[in-house]
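A pair of aromatic rings is described by the distance of the centres and the angle of the planes.

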Amino acid sequence: MNHKALLEKLNTFPTIRRQIRAWLKAGVMDNGAFSETFEGTPQGGVISPLLANIALHGMENRIKQVSKTAFLIRYADDFVILHDSLNVVQKCQQVITKWLKGMGLELKSSKTRLAHTLHKYDSQPPGFDFLGFTVRQFPVGKYQSGRCNGTILGFKTLIKPSNKKLKLHAESLRSVIKTHKAAPQEALISRLNPIIRGWANYYSTVVSKEIFSGMDELIYQQLRAWSKFRHPNKDGHWISRRYWLIDQGEGWVFASRKKDRKIRLKKHSETPIVRHVKVQGERSPYDGDWIYWSTRMGMHPEAATRMATLLKKQKGICAHCGLYFKDGDLLEIDHKKPRSKGGKDTKDNFQLLHRHCHDTKTANDDKAERGVYDKDQIIEEPCEVKISRTVL
């Protein structure tokens, strides 16, 4: 990466500019030998991803100049260009190659290729890998086909964990089990659980159910071999009773009950598959709409923790009137079962309402408590503004 081009593109205060320039020119130590750095950014440095994003900023606009229907998806220095015309993709590749030269960069030939998502291209299988995922389209019937403006496309797009990442994950599990042959069962479980949890969470937004089940079966076979290695003279029934327990609702689990505490191995299939929902068009975490971001993420600096949690739990919908909360609404936390009737301050007893909905519910609760509760006397004050249900 060209330092001069990067600093010019940085466009920041002189003090910060000088500091970043000093970092870039600081040099590196390799086996005790010092080498000056005339280009590139420190590999592994905390600021390197930010500098890479700055250097590649503007690539999307350059692609749009080539074709308004072409899409560029980028994460740091990895990106893909999507278009239904091969000629447009090839032209984009030429333009990007020329554009990168201005920053002292070039496309890596070993990681750059043209692919078709539905059919074979250049004797290569359909689909492509991106950030550990495999994106591919499969021909299906009209009832399962994707649609575009009501038109049946004849194929369905599926995103799955890539085969490369599957092999790496299986190898990492095998390596941990192999290095813990003589270790206690609790130590093995505590070492495997973070690996399984992290990998499963990363792929929990795509088509991973069958893959998760396959990984669980693979790790079970490896654990059976691990346990038989430790007790070569014991039969399978004894080994099962020693290392596997029956958990209600889960069946047999690899677990230990030593010291009045049960430690169990987490399964990949326990991680729920939740599809990722795209952020709405012009949304930004800095736009001040804390209701939208709390509903999406369950947290926001401007929202109380309890209120943000309830927004995500209720999916941004008022529990009384059933309408979506919007920016500027007055929200209040209510007890589902009033405290006057024995309701407690627990998570299960909290709900989020519009302020006027809260007043209506409280009035109805008071009437019911006085024994004058009647269907004809229920106070119903519908929200003044009706909001259509939109996808967050």
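The points below are grouped by topic.

The model is predicted: local features need pLDDT of at least 70, side-chain atom pairs count only at pLDDT 80 or more, and totals for chains, interfaces and linings use all residues. Residues are numbered from 1 along each chain as its sequence is written, and side-chain values use heavy atoms, with hydrogens and water left out.

**Aromatic pairs**
- The structure holds eleven aromatic pairs (Phe, Tyr or Trp rings, the six-membered one for Trp, with centres within 6.5 Å; planes under 30 degrees apart are stacked, over 60 edge-to-face, the rest tilted).
- F133 and Y203 form an edge-to-face pair, at 5.0 Å centre to centre and 65° between the planes.
- This pair links distant parts of the chain, 70 residues apart: F133 is in strand β6 (residues 133-139), and Y203 is in the loop between α7 (185-202) and α8 (209-230).
- Helices (H or I, at least four residues) and strands (E, at least two) are DSSP runs, numbered from the N terminus.
- F133 is buried at 14% relative accessibility, as is Y203 at 3% (buried: under 20% relative accessible area; exposed: over 50%; partly exposed: in between; 1.4 Å probe, protein chains only).
- Ring pairs join F133, W199, Y202, Y203 and F212 in a cluster.

**Charges over rings**
- The charged end of K234 sits over the W238 ring, 4.9 Å from its centre (NZ of Lys or CZ of Arg within 6 Å of the ring centre and within 35 degrees of the ring normal).
- R283 lies over the face of Y292, 4.2 Å from the ring centre.

**Positive phi**
- Most residues other than glycine have a negative phi.
- S123, not a glycine, has a positive phi of about 60°; S123 lies in the loop between α5 (86-101) and β5 (128-130) and is exposed at 73%.
- L131 has a positive phi near 55°, lies in the loop between β5 and β6, and is partly exposed at 31%.
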